[in-house]
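Hi everyone, thanks for having me. Let me put the structure up.

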Amino acid sequence: MHKIAVVGAGQMGNGIAHVFAQQGYPVNLIDVKQEALDKALATIAKNLDRQIAKGSISEADKKQTLDNISLCTEMPSACSDRDLIVEAATENIELKLKIFTQLDSFAPAGCILATNTSSISITRIAAATHRPQHVIGMHFMNPVPVMKLVEVIRGYSTTDEVTATVVELSKAIGKIPVTVNDYPGFVANKILMPMINEAIYTLYEGTAGVEEIDTIMKLGMAHPMGPLRLADFIGLDTCLSILRVLHDGFGNPKYAPCPLLVNMVTAGKLGDKKGEGFYSYADPKNPVVSATFQKN
Ligand code: NAD
């Protein structure tokens, strides 16, 4: 049984720890903030309760899953005996390069270093290590316990063997892996983010309001969530980072982030995780259009 570490216990990290632990893998969940770890464990417990309520798992399964997770703030000891480390820290290139330099020195030889980055070059992250052949993208979708896809991204130097191991591990935790090559945004976000950016431009230009845009895309395109609601759910800071990677990587102005998105991130309106974005989440179960975007 592979031993797993997950670096970063935010909304993605807690889900990744959840799905590995539920399939019996021992998981060290690592964060720089103890409060992030405590919140992550509470979220995992709540999500397991939801699975119990649906009858898909038992109380004993919940206990076993939680017992498989160890919370850690010390990266060196938490990584020293691992076979796979999945990094899911904040979407910031400098931060990820620093983390991979550290992981390379703390993880045993042969350990696979995966990143859940939404868009940053796997090849660039790999180049920060002495083991680029063991570095790979393992892009889970949000919310991780629910979404089936794992976009597996081969960096320039990633070996077939490492890719095959990550594909098998993804299947072992009940996911459906799809392997792609390493270019900006990979596949999922190269297609999704221009749509979200276009929805923000549509609001910015006054063509329609938040609810109209989301309703049209939900009812007209059969999307489960409108693009503005989805942007809030992903995190507007994450959306902006991905658009910047696409813009820089392809040098094409079509990826330039909408100035409204830039303003909202600068103002700290990051979506669900900060209680406000295009919608207000004062009551998280009943989001309402943010006062900023309500019509007079
Ligand atoms: P988040 O802001 O919810 O969580 C990030 C966590 O990383 C925080 O708890 C923070 O304390 C921790 N962190 C920061 N520096 C660290 C360090 N040096 N060591 C350990 N932990 C550290 O972010 P998120 O939405 O979970 O995104 C994480 C990654 O997953 C990003 O690369 C993002 O692009 C990617 N991703 C996000 C989504 C999404 O829908 N949010 C989907 C797929 C992939």
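Okay, let's start with a pair: Glu-91 is buried, and Lys-96 is buried too. By buried I mean under 20% relative accessible area, while exposed is over 50% and partly exposed is in between, using a 1.4 Å probe and protein chains only. Before I go on, a quick note: this is a predicted model, where local features need pLDDT of at least 70 and side-chain atom pairs count only at pLDDT 80 or more, while totals for chains, interfaces and linings use all residues. Residues are numbered from 1 along each chain as its sequence is written, and side-chain values use heavy atoms, with hydrogens and water left out.

So what do the side chains of Glu-91 and Lys-96 do? They meet in a salt bridge, at 3.9 Å from N to O. A salt bridge here is a side-chain nitrogen of Lys or Arg within 4 Å of a carboxyl oxygen of Asp or Glu. By that rule, the count comes to 11 salt bridges.

Next up, Asp-81 and Arg-82: their side chains form a salt bridge too, at 2.9 Å, N to O. Are these two buried or partly exposed? Well, Asp-81 is partly exposed, at 35% relative accessible area, whereas Arg-82 is buried, at 7%.

Then there's a salt bridge between the side chains of Glu-276 and Lys-269, at 3.4 Å, N to O. Here Glu-276 counts as partly exposed at 21% relative accessibility, and Lys-269 counts as partly exposed at 33%.

Finally, back to Glu-91 and Lys-96: together with Glu-87, they are joined into one network by salt bridges that share partners.
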